[in-house]
Each structure stands twice: as structure tokens, then as C-alpha cells.
Amino acid sequence: MKPDPLHSLLDLKSESSTVTQFTIYTDFVVEVYPSSIHELEPAVFFIARKGGVKYLFGMTTQSTSMFDRFQSKVVFKLNSDLSLTVLQCPLSHENASVIRELFPHTRPRLIGIENSFGLGDRIGLSNPGHLQAIRNSGFHAVLAQQSIRELTRTNRTPEEVMDAATWSVFQESYKDGFGADADHLKTPADIDLMARAGFTMFTIDPSEYVVNEAAVLDEAELKRRSTGVAWQDLQDTFDGFVERYRDVTLPVDGPFSLTPDYREVLQAIVKYGNVIAHVVRMSNHLKMQYPDRPSEIEVSVDETDSPTTLFEHYFIANELKRLGIGLVSLAPRFIGDFEKGIDYRGDIAVFTEEYRKHLAIAAKLGPYKISIHSGSDKFSVYHAIGGIGSGFVHVKTAGTSYLEALRVVAVKEPGLFREILDFSLDNFAAEKQTYHVSGKLENVPDPASLEDYELTKLFDLDDARQVLHVAFGKVLTVRGDDGEYIFKEKIIRCLEEHEELHYRFIKKHFHRHIEPFGIITESMQSTP
Ligand code: ZN
């Protein structure tokens, strides 16, 4: 009698390679991802490549109605001395939904105030590498993280982003739970779009309501502008606000307290009054429309002209608290520059002192996490926060994973990388407009002067990183005269062919992100 293929499959679980060959039955051979093997009586499910394409497989020697639930499937019934049913299905949205129902760990969940990393993935292939990096790191993964802006720029849907996260979690058998961040939501319609796709963390971006010029208006003008605040949404009056804060000592932590004067209070009302009102309306929409949905709310005020002062932070958080809106995290605009794809620029000692106080306010009025937007590659900031050693942080990254994907292309297909680089250089002047970057074209070495093996040096140069970074939307969506994508499919094929290397780059790069926080585990130390 032949050995039961279910048992030999389960034996593969201990293999450490990304994929390994497996004979299901005589000449039915696939390349299995050993980490993806899941038992669910009476079946075993796993991801494997067949003919170079990834599928979900299920196998059972009995019969199971679970297999009926999958769509577009092929079912092989192999009957000789052993009755074996094999299910083969595409990694489609419908099948991802079934997987989420059968395996709860493949559904996003609330992360709460524990430390977390946002791992945005613009191409949709790097999440397994992210999970390998974050496993046992002390950080929780927020895997599906996409802003409306990024969705538009990459032509992706919220469902695609969620499904990519689900399949990655399944492939890695990651059971520590992951969050899904609907990032930078500006309207109730944005909430609907992401809620329908199952997102659980809602980052409300009220930046359109920030009155930046409040900083330079005189008292009379500020007073006049305050009549434009949506006081009904704030369930209070101008006088109520002034009384609550003017010359009042607000204790935060030990000797650290805030005593705003009249001007500061007026400024905060004008600058942030309608910001708070908008957050209230967005939060009410979420609660009313999706009453049964577990959700957590971040408020991001990181995209303002000037840094969020400590009193402004206090003011926003305290008012939201009064209005019954609990936050999981708040993203202030910090002192110094958080440019895309490169380290912090500014006085790190000043940042650290401010950050400590932001933390104290978050502890006092929450607790909630301090969220670091444009968090990719801010190594000196991670060291500073790790050095403080207390409080809770959420770090949002995205673009840096796109750069690691391009690193794979640079190593494996330098010709293709040169085309992407030239295209990115040509588009930099236009694309940089909507991003916070200071990179200059003249500081990027002439690609023609670089040998192929030197191309990866570009990933160590701030200006080159930013040139590559801001072009991601164009690179991933530009089509030729024939209507086909010029780069996207080629990049995807390259990453699929060199999957293991891609994961290795991502893992190494994210360990550099995580280690400075000082939460280093044994398994991370042993990483080459
Ligand atoms: Zn942001």
C-alpha cells in the first residue's frame, strides 16, 4: 500500500526552504510552500506552485463539504488503493474570503495599544517577507495598510490589498494576528470603501480642516474666525473652550504640565476646531454604519505646515476624549523633517525631548500609541524611541518595501532596473510635487557611469532613493501604446522568479528597522 500523501505532506512542515517539491500522486507534482501547510480536519490545505503559478490546494482522503465552498476550483479524485480528493483553486478574492472564514488567523483583527509596525506593500508580494521579519520581534504587524491616495496611484482595490495580506498570512502560517489600516481617510465614502473590504483600523485624516494660517493671525481675526467652527459637532461653545483652557494648568506627568495663554487657546480653536469636528463626524459615520464591526481609530495630523505643539496635541486628544472618541493612535507632525525613504533630518536630541512629552500626553489622555508616519528608514528616530524605552509606538512604512523590490530587480535584471531608473529620473520633477522630499536629480550618479554590479549602491544614496520612491505610482501603472503595463508585469515576474531573495531583502531591511527599538529576540539575532 502507498503511504498516505496527507501524512507525507505534513512531514514537510518542518522544512525551512521557501518551496519544496512534493509528489501528490504518481505524476502529480507541485512545489509546496512548507510554511503554508494547514490542517483542518478532515483536510489539509496549502499553497503550492504548479506550472509556475501559485494555487491553493486542499487534500483529503475522506469527503468534506469544505471543498464545495471554493470557487473556480479543479477537483481531482484519485481512486486506486487510496481514495484521495485534491482541490486546486486560484488565489482569487472569492477563495480568500473562504480562507478567512475557515481560518480566523487570516482575518485582520484589532491590535490595540501594543507596539506595531505598518507594513504597506504597493506591489502585493512583500507581505510574506514582512511577516518573516516581524515574527517574534515584539511588534504586531499591520499588514494591509493603504491610503486612498496609494490605491489610486497603484490602481489597486482595497480587496486586493486585503487578499494579498490574507494569502501572505496563510503562506507563512502567521498566527500572532495582524491589523489592516485604512490609511488617510478623508471622507465618509472613504470609510465605506475600506470598511466593506474588511479593514479594521481607520486612520482619519482631517488635514483639509487644519487652518495653518492661525499661527500668524492676530487675536481679533482669530476671534472672528472662531465663528466658523462647527460648534454643534463639538457640543460646546467658544466660551466653554476658552474657560476650559485659558491660563489653566493642565497636569500631564509629574512636573510636566501645560498652561496655555489666551492666544494659544484661540489659535488651537481656529487651527483645530473643525479638525476635531470632522473626526467626530467620521467616527460617528463608522459607528452608525458599521455598529458590529470591530474598529480602532487613529487620527493623523502629520500633514500640516508646522509641527504639532504639545498643547495642540493635548487639545485635540482631550477634546476627542470629552466627545467620547477613543483613539488607538495619534500621529502628530513632529519637529524636524520626515522625508520619504530616508533617515530623519533634524536635531534628534530636540526630537527626543518632544517625543517624550508627546508620549506623556498620550499616556495621560489615552493611553494610545504615538504613530510615526513616513516612518520608513527613520533609523535615528527608532534609536531615540528605543532609548526612551517606554510608551507605545506605531510605525508606518510603505515606500521602503517598494525600494527593496526594486533592489531585487537591480540585482537580477539590471537592464530592466535601468529602464525603471531612467523613467523615474524623467518623472521626478512632476512626481516630487506631492511628496515631502528634498532629493535633487543632480546628486544622482549618471546611471551610464555605473556598472551593473554597482547599481545597488543607488539604494544607499538619499537622492537616488527619493527619485525611485516617488515614481512608484507611475512605474506601476504606466502603459505602452499597446495598452499593456510597461513595467508592472515585468517587476512582478522578476519578484516571483526570485521570491526567496525578495523575502530575504525585505527581512534584512526590516530587521534594521526593528532592532533599534531594542526588542530583539533570539531568532532575530541569528539572522544573517
Ligand atoms: Zn501620513
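Leucine 455 sits in the loop between α15 (414-431) and α16 (462-470); helices (H or I, at least four residues) and strands (E, at least two) are DSSP runs, numbered from the N terminus. The model is predicted: local features need pLDDT of at least 70, side-chain atom pairs count only at pLDDT 80 or more, and totals for chains, interfaces and linings use all residues. Residues are numbered from 1 along each chain as its sequence is written, and side-chain values use heavy atoms, without hydrogens and water.

**Leucine 455**
- Leucine 455 is buried, at 0% relative accessible area (buried: under 20%; exposed: over 50%; partly exposed in between; 1.4 Å probe, protein chains only).
- Beyond neighbours within four places in sequence, leucine 455 contacts Ala410, Pro414, Phe417, Arg418 and Leu450 (contact: heavy atoms within 4.5 Å).
- Alanine 410 is 45 residues away in sequence, yet 6.3 Å away in space, C-alpha to C-alpha.

**Helices α14 and α16**
- Gly399, Thr400, Tyr402, Leu403 and Leu406 of α14 meet Arg465, Leu468 and His469 of α16.
- This contact comprises four nonpolar, three polar and one charged residue (nonpolar: Ala, Val, Leu, Ile, Met, Phe, Trp, Tyr, Cys and Pro; charged: Asp, Glu, Lys and Arg; polar: the others, Gly among them).

**Zinc site**
- His184 (NE2), Asp302 (OD) and His373 (ND1) coordinate the zinc ion at 2.0 to 2.6 Å (donors: N, O and S atoms within 2.8 Å of the metal, 3.2 Å for Na, K and Ca; water is not among the atoms, so sites may look incomplete).
- The donor spacing along the chain is H-x117-D-x70-H.
- Histidine 184 is buried at 12% relative accessibility, and aspartate 302 is buried at 14%.
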